[in-house]
Amino acid sequence: MSIKTKHHVLCTVLLWFVFLGFPCISSATPNAEIKVSEEKNEEIHFGVLAFRPKPETIKRWQPLVDYLNARGLKQRIVLEAYTYQELSEAVRTKHTDIVLTQPAHYIELSYEQGLYSPLATLVGRDGDMVLPNFGGVILTLSSRDDIRDLIDLRGKRIALTDTISVGGYQAQANELFKLGIELPRDATLVETGMPHDNAVEALLAGKADAAFVRTGIVEAMVKEHKLDPTKITILKASDIPSYPMRLSTHLYPEWALAAMPWVDEELARQIAGAVLSLPHGGEVAKAAEIEGFTIPGNYKIIDEMMRTLHIAPFDVPRKITLEDLWHQYADVIAVTSLSLGTIPLLLLIALLRSQARTKKEHVRYSENLERIVAERTSELVLAKQAAETANIAKSAFLANMSHEIRTPLNTITGMVYLLQRAGVTPEQGNRLEKIDIAGRHLLEIINAILDLSKIEAGKFTLEEVEVNIRAIVANTISMLTERARAKHLELRVETQPLPPHLLGDPTRLQQAILNYANNAVKFTKAGHVTIRTSLADDGPTSALVRFEVQDTGIGIAPENVAKLFSVFEQADNSITRENGGTGLGLAITKKLALLMGGDVGVVTTPNVGSTFWFTVRLKKGTLNEQVIEPAAIESDEDALRRGYAQSRILLVEDEPVNREVALDLLNDIWPRIDVAENGLEAVEKSREHAYDLILMDMQMPKMDGLEATRQIRRLPNFATTPILAMTANAFVEDKAQCFAAGMNDFIPKPVEPDLLFAKLLKWLSQQQD
């Protein structure tokens with residue numbers, strides 16, 4: 001019997017098995033049940049994809065992990081290097097918590113583990129070149145006259161590292177797919193393994209007709225004298241002005257830093273903030289051979305590409321159908337059927353084919369519809385997750401930037417205060433005053449940006465306490481008096497009777513009206529500025545109060561009015577250059593007014609003046625008895641010196657210069673103050689000594705102020721000891737965390753000495769009572 005005859009007989013037997021309904025062999029294997037320990041410990045594992053030897057990978061990324069551990073995170077991070085398969089398994093078995101991996105692997109993990117978008121995206125570096133994105137390069141030998149375009153690669157041998165590399169295969173395969181060349185069907189793939197240099201060397205050795213490599217490989221090999229650039233040609237070479245390297249594909253986001261779903265959200269936020277705060281081009285970044293990290297990139301384009309190319313996890317195998325068997329073995333079935341005299345069998349097959357085709361069309365339509373719905377749903381979920389993660393990352397970034405700016409700013413304003421108090425010459429005093437004004441102006445800008453960010457993120461909280469409108473206006477006038485006097489401007493106040501006991505947020509009302517009044521004084525050269533309050537609407541439970549600030553200033557051109565209340569906008573750039581300003585004040589006033597149930601507007605005439613107004617809806621409260629406190633006969637600092645000089649104080653502060661400033665402020669009252677440089681030291685000192693009050697920083701190495709407070713509260717005799725946060729973490733949520741940990745009060749940096757002394761007097765006097 002010939003081989004061909006045996007083949008036909010075997011096929012015939014198999015087909016009879018199909019028609020008679022014999023069981024088919026399933027390729028599915030039982031899912032192995034893996035037991036994962038849920039035991040929590042003090043360490044979390046940071047898994048990094050190792051495309052270089054593991055010792056080299058550990059050496060490269062250990063400085064980053066050391067940097068994170070020094071940021072006072074909730075848990076200590078341990079670095080581990082994995083191959084592609086090992087990292088996937090470590091995630092599946094929950095043996096790693098944070099991953100840093102290439103984009104395609106991140107997409108695979110995101111679908112398998114239900115991840116949110118990454119915490120951050122890596123920004124690469126090659127020598128002096130910053131590379132926020134990467135792409136793929138397709139090259140061939142310059143001597144190959146038969147390969148001059150991508151379409152010429154059909155049927156050719158292509159060298160590449162592996163098919164899981166985005167820059168080394170998937171990006172190029174996507175470009176070929178657009179031309180109708182489907183890999184690996186339409187070409188022969190020659191996998192060389194890492195590094196990418198191997199693919200180029202295979203091309204040069206004649207083992208392949210073309211090569212796929214990641215951007216930067218060609219330039220690096222030329223620089224290292226491993227490649228003569230005249231011997232190769234880059235196909236579909238595009239020179240993007242903003243990108244320093246040649247490439248053949250689109251650009252894609254760099255590696256993703258992601259937290260697994262089981263990682264604590266607060267810890268994930270801390271890690272995101274820490275890596276986004278990592279100085280670009282700094283020592284840690286240089287050690288890791290990167291530029292730094294940025295907010296999450298658009299990984300949706302990677303997702304779409306992997307779907308197009310049917311790359312895992314979108315590589316569901318095509319099912320073999322009855323029609324497929326008929327197309328492949330029609331001649332065998334026909335010959336066998338005739339030889340057996342089974343013409344009715346052919347009719348049965350035809351009927352079965354018709355039924356199968358109809359059923360298949362219905363199933364295909366149904367599956368296609370389900371796939372489209374699933375894909376669209378997945379895209380919406382990804383978009384929502386990306387927006388949420390970007391918002392978390394932005395909030396974390398702003399919080400860390402606020403802390404990093406406020407810390408040195410506290411040193412500047414503190415030193416200025418100490419120098420002024422020590423006594424200086426008039427000329428020196430004038431210079432110090434200018435430094436102090438500049439520092440306070442910088443703080444105002446920081447606060448404005450943070451306020452805007454919190455409002456946009458929906459995390460802005462308004463107080464609801466009794467407000468005194470007259471007092472707010474009077475306070476505004478007092479803050480503007482010196483500036484107005486210097487410009488010979490008259491400040492006027494016009495008020496109408498308002499309902500008593502209105503409830504609202506006096507701080508934000510003050511901020512809104514001060515934004516208007518500051519601008520009025522700034523842009524008015526002569527005449528007057530009038531602050532006016534009136535009742536716009538009086539309801540049974542609330543009142544709509546209108547605030548106006550009228551000036552005799554330069555006015556605003558009609559074409560510029562529309563953009564006045566937009567973020568970072570000014571009516572005229574030339575005015576901005578002359579008078580300064582960020583363009584945030586009016587935008588924040590509008591957002592505050594809207595949050596308080598009101599609106600904003602302006603009536604203006606060029607060269608005549610402007611009237612800016614806003615309204616707010618305030619609730620009506622009930623009469624509360626107010627205790628009239630006697631007028632102070634001495635300052636808080638003097639009261640502390642007179643009555644509490646024997647109190648024992650513990651200062652917990654890790655930053656040396658800020659520690660020096662705080663000690664200089666307090667040493668006039670308490671010549672000897674105990675000092676701890678981190679939370680761990682603070683707990684140990686509290687075990688050894690009884691303190692009357694503790695000033696606690698929030699963000700410190702080894703142990704942060706929150707954990708230190710919790711541990712101190714558990715010590716004997718420290719249940720009611722006043723612990724005051726003194727920190728550059730000035731967000732509302734930071735304040736809430738401090739109170740939740742057991743602190744009694746909150747003093748933001750830069751520290752206002754008067755506020756510090758007032759808080760100390762309040763809590764020491766209560767402790768003594």
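The model is predicted. Its five-stranded open sheet has the order β9-β8-β10-β7-β11, with mixed pairing. Strands of a sheet pair through backbone hydrogen bonds, and they may do so parallel or antiparallel.

**The sheet**

- The five strands follow one another as β9-β8-β10-β7-β11, and the sheet is open.
- At the edges stand β9 (188-191) and β11 (232-234); each has a single partner strand, so one side of each is left without a neighbour in the sheet.
- On average, neighbouring strands of this sheet are turned by 30° against each other, direction ignored.
- Strand β7 (residues 136-141) and β11 run antiparallel and are joined by three bridges.
- If you want to find a bridge between residues, look at Leu-139, whose partner in β11 is Ile-234.

**Helices packed on the sheet**

- Helix α5 (residues 166-178) packs on the sheet and touches β7, β8 (157-160), β9 and β10 (210-214).
- The direction of α5 makes about 120° with that of β10.
- Helix α6 (residues 197-204) also packs on the sheet, where it touches β7, β8, β10 and β11.
- For α6, the angle between its direction and that of β10 is about 160°.

**A look at Ile-673**

- You can find Ile-673 in the loop between α20 (656-666) and β23 (674-676).
- Is Ile-673 buried or exposed? Ile-673 is buried, because its relative accessible area is 10%, and buried means under 20%.
- Not counting residues up to four places away in sequence, Ile-673 touches Ile-649, Leu-651, Leu-663, Leu-666 and Asn-667.
- Ser-647 lies 26 residues from Ile-673 in sequence, and their C-alpha atoms are 9.5 Å apart in space.

Definitions and conventions. Residues numbered from 1 in each chain as written. Predicted model: local features only at pLDDT ≥ 70, side-chain atom pairs only at ≥ 80, totals over all residues. Heavy atoms only, no water. Pairing = 2+ DSSP bridges. Helix = DSSP H or I, 4+ residues; strand = E, 2+ residues; numbered from the N terminus. Axes fitted to C-alpha atoms, helices over the stretch in contact; angles between N-to-C directions. Contact = heavy atoms within 4.5 Å. Buried < 20%, exposed > 50% of the residue type's maximum accessible area, 1.4 Å probe, protein only.
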